[in-house]
Amino acid sequence: MSDDDQLALREHVRQRYAASALAVTNKTSTTTTSCCGSEPPAINSCCGGVEIEEGFGATLYDDEDREQLPTEAVLASLGCGNPLAVADLGEGETVLDLGSGGGIDVLLSARRVGPTGKAYGLDMTDEMLALAESNKAKAGATNVEFLKGNIEQIPLPAAGVDVIISNCVINLSTDKPAVFAEANRVLKPGGRIGVTDVVADNHLTPADRAERGAYVGCIAGALSISEYTDGLRNAGFIDVTVEPTHQVADGMHSAIIRATKPTSD
Ligand SMILES: C[S@@+](CC[C@H](N)C(=O)[O-])C[C@H]1O[C@@H](n2cnc3c(N)ncnc32)[C@H](O)[C@@H]1O
């Protein structure tokens, strides 16, 4: 893909998620903007004038977690998993959420790491960042910082992060090797990745994946399981695992991905 094509695709993604953020902010239906998912999904429930989709977003979190959060943070949840169930956060840790959206995973992480820890959210979309800041204020979170930027060029210094989480975002990147390299750079030695993302069965070609759903819907840009594993290993990670959890399209799955940065090179 040429640089111009990559920029155009990233702008298409940004516009799509700006619309999703505004749908929550303005309390209009998200079904016209949709989110991760190949087709307009089934509607599970409806609250505050904004509909929640079954199999994606807030339905993947425990009631106890949802109840701790501002309604708009719950309604803005557009992921395909629950990375907090994966990351096993501890008191005092520094967490970074790649593509933090309305902030649901950042706010939940902030509670887990406590006042001696810190939770960063990184997103490229102004409308999402505004929604996340509003949710942070409503939640009264003091150990949270939202950063504007691209996950391919993380605006943080090297070796300062204990845990990287992300929920259905890396598939949207037009330069996944850069995301993996940057994740490795900002993690401390021994730091870990615990993310959820869409992956494809190894036999599906890029054309097969594109047939199954849109790039902005988190399907066409998904890596295969072996591409994900190799990409993380090539960036220097060890103990890489990709564990499919539920199918989101024919031969395509939401998955839990774990990896560790070695303690020494
Ligand atoms: C599917 S939503 C997921 C949001 C959030 N993780 C959640 O679970 O609700 C994707 C988010 O990633 C952001 N995003 C997509 N590509 C990005 C990139 N290359 N750099 C930074 N943010 C990106 C979008 O702006 C959007 O907020």
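Trainee: What does the side chain of Thr 125 have within reach of an oxygen atom of the ligand?

Mentor: In this predicted model, an N or O atom in the side chain of Thr 125 is 2.6 Å from an oxygen atom of the ligand.

Trainee: And which backbone atoms lie 3.3 Å from a nitrogen atom of the ligand?

Mentor: A backbone N or O atom of Met 124 lies 3.3 Å from a ligand nitrogen atom, and a backbone N or O atom of Asn 167 lies 3.3 Å from a nitrogen atom of the ligand as well.

Trainee: How much of the ligand's accessible area does the protein cover?

Mentor: On its own the ligand has 590 Å² of accessible area, and the protein covers 99% of that; the space that the ligand takes is the largest cavity.

Trainee: How many residues surround it, and which are the closest?

Mentor: The ligand is surrounded by 23 residues, of which Leu 78, Gly 99, Asp 123, Thr 125 and Ile 151 are the closest.

Trainee: How does that shell divide into nonpolar, polar and charged?

Mentor: Eleven residues of the shell around the ligand are nonpolar, nine are polar and three are charged.

Trainee: Changing topic, how many disulfides does a search of the whole structure find?

Mentor: The search finds one, formed by Cys 80 and Cys 168 with their sulfur atoms 2.2 Å apart, and this link is right-handed, with 110° about the S-S bond.

Trainee: Which parts does the pair tie together?

Mentor: Cys 80 lies in the loop between α3 (71–75) and α4 (84–87), while Cys 168 lies in the loop between β6 (161–167) and α7 (176–186), so the pair ties together parts that are 88 residues apart in sequence.

Note on methods
Residues numbered from 1 in each chain as written. Predicted model: local features only at pLDDT ≥ 70, side-chain atom pairs only at ≥ 80, totals over all residues. Heavy atoms only, no water. Near = heavy atom within 4 Å. Polar contact = N/O pair within 3.5 Å; in protein donor to acceptor, adjacent residues only side chain to side chain. Areas by Shrake-Rupley, 256 points an atom, 1.4 Å probe, with all protein chains shown as cover. 1 Å grid on protein atoms, 1.4 Å probe; cavity = no way out; pocket = protein on both sides within 12 Å on 5 of 7 lines; lining within 4 Å. Sits in = over half its atoms within 2 Å of the grid points. Nonpolar A, V, L, I, M, F, W, Y, C, P; charged D, E, K, R; others polar. Disulfide = S-S within 2.5 Å. Helix = DSSP H or I, 4+ residues; strand = E, 2+ residues; numbered from the N terminus.
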